[in-house]
Structures are given as structure tokens and as C-alpha cells.
Amino acid sequence: MYTEFDGIIFDMDGTLVDSGQLHEQAWRQTLNHFGIPVEPTLMRSLAGVPTIGSLEILIAHFGVTPTASCEAMNEYKEALVRDTMHLYVKPTALAEFAKQNQGKRPMAVGTGAYTEEAIQILTLCGLLELVDYVVGADQVASPKPAPDTFLRCAELMGIAPERCIVFEDAKAGIQAAEAAGMFVVDVHAELQIENDYFLGAQ
């Protein structure tokens with residue numbers, strides 16, 4: 001499966017890891033706490049965008065003046081994620097593909113999450129040992145939808161971008177992979193991996 005590519009890159013949330021409810025609940029608590037409206041359709045469209053970038057978009061969209069800085073709100077949300085991740089996260093069906101390719105081709109995770117959080121989630125899911133590198137949003141100048149995250153993965157693997165395949169679930173990540181000149185698989189459309197992140201109306 002996809003044997004024509006030399007390097008494999010996975011997005012994490014919604015792709016390699018089922019973490020939709022982890023992040024939805026953390027977002028809902030954070031936005032409610034700081035007085036920012038929760039609009040599920042907008043939140044779903046921001047999947048893959050790092051927290052601070054999402055907060056900046058939300059503040060501009062709603063024209064609100066939050067009670068704390070984006071950095072402080074990010075810390076609040078990340079603390080919620082750390083405290084509750086063990087209740088929610090689990091591998092998706094794509095984990096089997098990763099297991100089949102372990103040691104055969106270099107593999108990396110390129111995520112909009114911060115590296116420390118990503119390592120914790122991957123460890124909880126028993127996936128960290130399968131991949132060679134983890135590149136979080138804190139490792140690059142411009143995270144998704146910019147190509148930097150995936151280009152850094154390719155650099156670490158020592159593989160040319162055009163020889164890499166990226167598995168993604170979010171619009172921002174798909175745009176990033178395309179901008180990096182990589183072949184991208186939309187895991188929703190092609191592999192039927194579903195993400196229940198902000199699907200509800202409330």
C-alpha cells in the first residue's frame with residue numbers, strides 16, 4: 001500500500017490518533033471560561049491550526065475582547081488537554097499501516113500540536129515507538145497551513161519532499177502537504193477515518 005513513496009508522514013489528531021473529543025472538550029471549557037463564543041462549524045474548519053492561531057482567528061471573527069492573552073488561554077487549554085488526554089485518546093485504523101511499515105521506511109508525525117503534548121499522546125496510544133521523528137508546531141516558524149512542518153519532517157527523514165506521502169484529515173494540513181510538494185491522502189475521503197470533532201450543534 002503506497003509502496004512507491006520513500007517516506008511516510010502522519011498528521012496526529014484525527015489521522016493517526018482519535019482525539020476529537022479530547023480537543024473539543026478542552027476548547028469548549030477554554031472558550032466558555034474566557035468569554036469567547038463556541039461555533040462548531042467554525043471550530044471544525046480550524047482543525048489542524050495551532051491553538052494560538054485559532055484563538056486569534058476566533059477573536060477577530062467574533063470581535064470580542066478576551067479576559068486574557070492568547071498565550072495565557074493557550075496554557076489554560078493545554079493544561080486541560082494534559083489532564084484529560086488519558087480519558088479520550090486512542091489509535092485510529094491507520095496505526096496498523098504504521099506498524100506494517102515500522103523499520104521498512106522512515107516515518108514521522110507532523111502535527112499542529114506542540115511537541116511535548118504530541119509525544120505524550122503518542123505514548124499513551126502506544127504509537128511513539130513506531131515513528132522515527134515527531135515535529136510539532138513549536139519546531140517551525142510557520143505551522144500548518146504553511147508547509148514548514150512537513151518539510152521539516154522530510155528533512156529529518158532525509159527524503160526529498162516529492163518522495164513523501166502525507167496522511168491528513170484537516171483542510172489546513174492538506175494545504176500544507178500540497179504546498180510542500182508532497183502526495184497527500186485525505187483520510188476521511190479515502191480511508192474512511194472519521195473525526196467526531198465539533199460535529200454536534202451545541
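A word on the ground rules: residues are numbered from 1 along each chain as its sequence is written, and side-chain values use heavy atoms, with hydrogens and water left out. Because this is a predicted model, local features need pLDDT of at least 70 and side-chain atom pairs count only at pLDDT 80 or more, while totals for chains, interfaces and linings use all residues.

Let's start with the rings. The structure holds eight aromatic pairs, meaning Phe, Tyr or Trp rings (for Trp, the six-membered one) with centres within 6.5 Å; planes under 30 degrees apart are stacked, over 60 edge-to-face, and the rest tilted. Phe 10 and Phe 167 are stacked, because their ring centres are 5.5 Å apart and their planes are at 20 degrees. This pair joins distant parts of the chain, 157 residues apart: Phe 10 sits in strand S1 (residues 7-10) and Phe 167 in strand S6 (residues 164-168). Strands here are DSSP E runs of at least two residues, helices H or I runs of at least four, numbered from the N terminus. Both Phe 10 and Phe 167 are buried, that is, under 20% relative accessible area with a 1.4 Å probe, protein chains only. Ring pairs also link them with Tyr 2 and Phe 97 into a cluster.

For contrast, Tyr 197 and Phe 198 pair edge-to-face, 4.8 Å centre to centre with 85 degrees between the planes. Those two are buried as well.

Now to helix H4. Its buried residues, including Met 73, Leu 80 and Val 81, pack against helices H1 (20-33), H3 (51-62) and H6 (115-124), with contact meaning heavy atoms within 4.5 Å.

Conventions
Buried < 20%, exposed > 50% of the residue type's maximum accessible area, 1.4 Å probe, protein only.
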